[in-house]
Amino acid sequence: MADSFVMTTFQWTADYAVGVRQIDEEHQRLFALAEEMHRAMLEGEGKAILQALLAGLVAYTSYHFAHEEQLMERIGYPGYREHRAQHEDLRSKAREMQDRASSGELTITVEVIQFLMEWVRKHIASSDCRIATHIKKSRRSLV
Ligand SMILES: [Fe+2]
Ligand SMILES: [Fe+2]
């Protein structure tokens with residue numbers, strides 16, 4: 001019971017903190033949008049609303065990715081290309097999901113948001129954390 005509760009809610013917790021304020025705030029917003037979409041589903045909102053919420057979640061993800069990419073460029077992050085390729089991967093998967101949802105081929109379900117948020121969670125825990133570690137190391141070497 002506790003497990004299914006955890007699996008179907010999208011709460012940002014301190015475990016996801018990477019320690020860079022703007023990134024953490026944007027991640028929190030991403031989780032909040034996913035949670036809002038999940039709630040709308042439980043409340044039985046219709047297809048049009050769910051599609052609009054999915055579009056909002058995907059648009060915000062793109063906005064956040066762009067910020068991270070700018071940050072990586074600014075600091076001369078060595079893993080930039082690989083990180084950007086991961087973002088591209090989700091951007092294209094999300095676009096495909098949106099197209100399939102609007103053509104009626106895909107029904108927006110909890111599994112759809114779960115897929116997106118699982119990807120985001122794993123990405124934060126590995127790749128985004130590596131940017132933060134790099135920033136902390138660079139700061140230390142400046143002192
Ligand atoms: Fe991120
Ligand atoms: Fe990222």
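How are α3 and α4 oriented to each other: roughly parallel or roughly antiparallel? Keep that one in mind for the second view; the model shown here is a predicted one.

**View 1. The whole chain is built from helices.** Start with the big picture: the protein chain has five helices and zero strands. Walk along the sequence and the pattern reads α-α-α-α-α. Along the principal axes, the C-alpha atoms fill a box of roughly 55 × 35 × 20 Å. Of the chain's 143 residues, 17% count as buried. Take the contacts between residues at least 6 apart in sequence, and 67% of them join residues at least 24 apart.

**View 2. Helix α3 meets helix α4.** Here α3 covers residues 47–75 and α4 covers residues 80–102. Their axes come within 11 Å and cross at roughly 165°. Angles over 145 degrees count as roughly antiparallel, so that is how α3 and α4 run relative to each other. As for handedness, α3 passes α4 in a left-handed crossing. On the α3 side, the residues making the contact include Leu54, Val58, Phe65 and Met72. On the α4 side, look for Tyr80, His83, Leu90 and Ala94, among others. Sorted by class, the residues of this contact are nine nonpolar, seven polar and four charged.

**View 3. Helix α2 packs on helix α3.** Now turn to the pairing of α2 with α3, where the axes are 10 Å apart and the angle is about 170°. α2 and α3 are therefore roughly antiparallel to each other. From α2, the contact residues include Ile23, Leu30, Leu33, Ala34 and Met37. From α3, they include Leu50, Leu53, Leu57, Tyr60 and His64. By class, this contact has 13 nonpolar, five polar and four charged residues.

**View 4. A closer look at Met117.** Set aside its neighbours within four places in sequence, and Met117 is in contact with Phe10 and Ala34.

Conventions: Residues are numbered from 1 along each chain as its sequence is written. Chains are lettered from A and ligands numbered from 1 in the order in which they are written. This is a predicted model: local features need pLDDT of at least 70, side-chain atom pairs count only at pLDDT 80 or more; totals for chains, interfaces and linings use all residues. Axes are lines fitted to C-alpha atoms, for helices over the stretch in contact, and angles run from 0 to 180 degrees between N-to-C directions. Helices (H or I, at least four residues) and strands (E, at least two) are DSSP runs, numbered from the N terminus. Angles under 35 degrees count as roughly parallel, over 145 as roughly antiparallel, 65 to 115 as roughly perpendicular and the rest as oblique. A crossing is left-handed if the near helix is turned anticlockwise from the far one by less than a right angle, and right-handed if clockwise. Two residues are in contact if their C-beta atoms, placed from the backbone, lie within 7 Å. Ala, Val, Leu, Ile, Met, Phe, Trp, Tyr, Cys and Pro count as nonpolar, Asp, Glu, Lys and Arg as charged, and the others, Gly among them, as polar. A residue is buried if 20 or more other C-beta atoms lie within 10 Å of its own, exposed if 12 or fewer, and partly exposed in between; C-beta atoms are placed from the backbone.
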